[in-house]
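Welcome! Take a moment to look over the sequence and the model, and then let us walk through a few of its features together.

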Amino acid sequence: MIFNQNSLSRRLLKHFLLIGGSVFSLIAAILYLFSINFANLAVEQSMFGMAEDIQTNLAFDGQSQLTYQSTQVAERWGYDALYNNLGFRVIDLSTQQELLRSFVNPSVATIIDTLPTSLPEGYSQIAARNNTHTDLFRIIFIADERRLALDLARNDLLGELANEAVMPVLSQVAALTIGAAFLVFVCVTFISIRALVRPVENVTTQLLQIKPNQLDRRLSTTDVPAEILPLVLGLNEAMERVEQGFEEQKRFVANAAHELRTPLAILSTRVELTEIPPEVEPALMGDIKYMSRVIEQLLDLSRAQNQVGFTHSLVDLKDIGKDVCMLLGPLSVTHQKELSLDVIDPSCDVLGDKGALIILTKNLLENALKYAEKHAHVQLIITKNALSIKDSGPGISEGDRVKLFERFWRKEQSALTGSGLGLSIVSEIANAHNADIDVICNNDLGGATFTITFNATP
């Protein structure tokens with residue numbers, strides 16, 4: 001999926017990645033800090049437990065000699081001695097006299113001998129030989145009304161091994177795990193965002209599928225999230241208002257055209273029966289014919305928009321082409337143009353209203369015959385599911401192309417050579433028949449080509 005720069009998907013992905021990156025970076029930092037102190041934390045906790053065990057089993061005998069009365073810790077020391085050198089001493093803080101020392105190997109005895117009498121309470125470290133260190137833990141307690149200090153010393157070679165050999169491996173494993181988890185997070189984020197924006201994409205797809213002749217369609221509210229449901233309902237209400245306004249406009253056009261037909265017919269009759277100076281009568285009759293033509297095209301436009309009287313059946317485009325060419329043959333002679341009908345495919349059946357398709361074809365051919373240069377060649381080409389009108393005229397500029405199907409638009413707005421409704425009627429009839437219109441502004445003959453492709457074929 002390609003995220004547009006201003007898309008909701010891109011913004012969500014950016015925020016998710018920012019938050020996820022921050023969280024995973026924090027986890028990585030915590031693991032790193034924990035890894036570099038893991039051995040020390042483990043040693044501190046174990047030494048605290050051992051010191052408490054030793055202190056619990058210390059007591060003075062009848063001769064005021066401090067003794068150690070349990071072998072439980074000694075057994076633990078024996079197991080621990082396989083990996084470490086461990087020993088303890090007990091000092092009377094008032095006299096700084098050592099009262100008791102554990103039986104340890106010579107290396108630990110040497111360390112205890114070198115320990116200062118003053119140590120901080122709790123866990124501490126001092127440097128030792130061979131770039132190692134000695135872990136210490138002091139507990140201060142009262143026994144026989146004497147204030148004593150228990151010092152536990154440990155030359156932790158296993159801890160050094162963990163820090164130097166095991167922890168780098170664990171760090172690599174942690175880094176790979178975090179990296180893999182972050183990739184999974186990105187994939188889950190991507191899938192989640194797709195699921196989040198899919199309802200919006202569905203609404204957009206529905207909107208794009210609504211054509212001008214389908215204003216009665218509404219957006220589906222099925223499975224629409226509650227967050228965008230008000231937007232969908234608002235769009236449906238807006239489309240309903242647009243449909244009502246469009247229907248009112250169509251009714252107004254149809255009613256106005258119907259109301260004007262009768263007065264114009266009466267006016268035309270009166271002009272014909274009235275003695276009018278010869279120099280005025282042609283211009284006056286021309287204006288009346290022009291207005292009558294506009295009204296007739298307004299009625300055609302209204303019928304096309306409302307599909308009034310449209311009966312869709314199997315229609316042969318060859319018959320449409322023949323009828324229109326016979327109808328406009330005299331016009332081609334009047335405008336000194338060459339009109340031809342070319343049938344490419346013998347099977348040219350489409351589903352549509354014959355009368356509406358005749359109007360569509362007639363309007364396109366009339367435009368070509370009127371606006372092409374003298375002696376230009378105008379072709380009506382019939383194929384299996386399309387008809388094309390091709391001429392050798394001056395063609396159409398790209399600037400005028402976007403205005404072709406606008407109502408009442410004419411290249412020469414001051415001239416009364418046309419109403420500007422012909423191509424609008426073509427567009428409405430094409431929409432009513434689910435047909436596509438393609439315009440080539442400059443074809444191989446130098447003129448323009450209009451192609452109507454019908455999608456509804458038998």
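## Cysteines

The structure holds 0 disulfides, counted as pairs of cysteine sulfur atoms within 2.5 Å. A disulfide is a covalent bond between the sulfur atoms of two cysteines. Cys187 counts as partly exposed because its relative accessibility is 47%, while Cys325 counts as buried because its value is 15%. Here buried means under 20% relative accessible area, exposed means over 50%, and partly exposed lies in between (1.4 Å probe, protein chains only).

This is a predicted model, in which local features need pLDDT of at least 70 and side-chain atom pairs count only at pLDDT 80 or more, while totals for chains, interfaces and linings use all residues. Residues are numbered from 1 along each chain as its sequence is written, and side-chain values use heavy atoms, with hydrogens and water left out.

## The sheet and its helices

Five strands make an open sheet with mixed pairing, in the order S9-S11-S12-S14-S13. Its edge strands, S9 and S13 (435-440), each pair on one side only. On average, neighbouring strands of this sheet are turned by 10° against each other, direction ignored. Strands (E, at least two residues) and helices (H or I, at least four) are DSSP runs numbered from the N terminus, and two strands pair if DSSP finds at least two bridges between them.

Strands S11 (residues 377-382) and S12 (residues 386-391) run antiparallel and are joined by 5 bridges. Val378 has Asp391 in S12 as its bridge partner. Helix H8 packs on the sheet, touching S9, S11, S12 and S14 (449-454), and its direction makes about 175° with that of S9. Helix H11 (residues 422-432) also packs on the sheet; it touches S13 and S14, at about 140° to the direction of S13. Such angles run from 0 to 180 degrees between N-to-C directions, with axes fitted to C-alpha atoms, for helices over the stretch in contact.

Which loop holds Lys337? Lys337 lies between helix H8 (317-334) and strand S9 (338-343). Lys337 is buried yet has no salt bridge, and the nearest side chain of opposite charge, Asp391, is 8.8 Å away. A salt bridge needs a side-chain nitrogen of Lys or Arg within 4 Å of a carboxyl oxygen of Asp or Glu; Lys and Arg count as positive, Asp and Glu as negative, and His and the chain ends are not counted. Beyond its neighbours within four places in sequence, Lys337 contacts residues including Ser332, Leu369 and His375, where contact means heavy atoms within 4.5 Å.

Gln336 is in the loop between H8 and S9 too, and has a positive phi of about 55° although it is not a glycine.
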